[in-house]
Amino acid sequence: MFEAAFQYSKDSWGIIPLMLVIFIIGIAVIIERYFFFRKSIKAGASLDADLRHVAYHNEADAKQVAAHYQRTVQGRLVQAAIDSPNKAEAAMEREVDESIMVQMPYLDRNLWVLDTCVTLGPLLGLLGTIIHMIQVFSVLAANSSQKVSSVTGPIAHALVATAVGLCIAITCVVFLNYFNKRIRLVVNQMELVKSMLISRFATI
């Protein structure tokens, strides 16, 4: 079986193994991002509930909330507000907005990999298809009396390359759209946290 896989990889000029590597990388990013957003959204909902119980200008309770959620992107906004006490509403809003912008790279980290997989998968599949179709025509040109298997084999390989490329693109685009929706949800949570922080700690 190993020899057959090696021969198949050789016939495809290494396209199929490369596509499998790309697929594995895409799956790794999907798993990492899934658990990241699952944790972030759950923590954000819990932080919103805890922050509602913080009294106006009660920095002690706010510090406890910030310490409890310090490893989350939403918790860092609370810390930013605490570090800017007794500021006017506009000034504090700028401080918290700056903190939101700092956290944004954590939200879309490695999503460019999925975007690349969506584009690269079908293109490599098409390239693999072209390579195998060239082999088909080479066989036919060399000898028109070749066995049917010598022609159908490369055609089957060409279809496999196309199928693998489409599987990569379909899987990655579904999760890419899912994660983009998760990003919007986390951003909405951060905007809500910002509004609560400004209403509680900004001076008039």
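## Helix H4

Val73, Gln74, Gly75, Leu77, Val78, Ala80, Ala81 and Ile82 of H4 are buried, where buried means under 20% relative accessible area with a 1.4 Å probe and protein chains only. Because eight of its 10 residues are buried, H4 is largely enclosed by the rest of the structure.

This is a predicted model, in which local features need pLDDT of at least 70 and side-chain atom pairs count only at pLDDT 80 or more, while totals for chains, interfaces and linings use all residues. Residues are numbered from 1 along each chain as its sequence is written, and side-chain values use heavy atoms, with hydrogens and water left out.

## Overall make-up

The protein has seven helices and zero strands; helices are DSSP runs of H or I with at least four residues, strands are E runs of at least two, and both are numbered from the N terminus. Of its 204 residues, 38% count as buried. Among contacts with a separation of 6 or more, 81% join residues 24 or more positions apart, a contact being heavy atoms within 4.5 Å.

## H4 against H5

The axes of H4 (residues 73-82) and H5 (residues 89-107) come within 9 Å and cross at roughly 155°. Axes are lines fitted to C-alpha atoms, for helices over the stretch in contact, and angles run from 0 to 180 degrees between N-to-C directions. That crossing makes H4 roughly antiparallel to H5, a term for angles over 145 degrees.

H4 contributes Val73, Arg76, Leu77, Ala80 and Ala81 to the contact, and H5 contributes Met92, Val96, Ser99, Ile100, Gln103, Tyr106 and Leu107. By class, this contact has nine nonpolar, two polar and one charged residues. Nonpolar covers Ala, Val, Leu, Ile, Met, Phe, Trp, Tyr, Cys and Pro, charged covers Asp, Glu, Lys and Arg, and the others, Gly among them, are polar.

## H3 against H4

The axes of H3 and H4 come within 8 Å and cross at roughly 145°. Ala62, Lys63 and Ala66 of H3 meet Gly75, Val78, Gln79 and Ile82 of H4. This contact divides into four nonpolar, two polar and one charged residues.

## The nonpolar core

The largest nonpolar core has 48 residues, and Leu107, Leu114 and Leu197 have the most contacts inside it. Such a core is a set of buried Ala, Val, Leu, Ile, Met, Phe, Trp, Tyr and Cys residues joined through side-chain atoms within 4.5 Å. H7 gives the largest share of this core, 14 residues.

Leu107 touches Arg33, Phe36, Phe37, Val73, Ile183, Val186, Val187 and Met190, not counting residues up to four places away in sequence.

Note on methods:
Angles under 35 degrees count as roughly parallel, over 145 as roughly antiparallel, 65 to 115 as roughly perpendicular and the rest as oblique. Buried means under 20% relative accessible area, exposed over 50%, partly exposed in between (1.4 Å probe, protein chains only).
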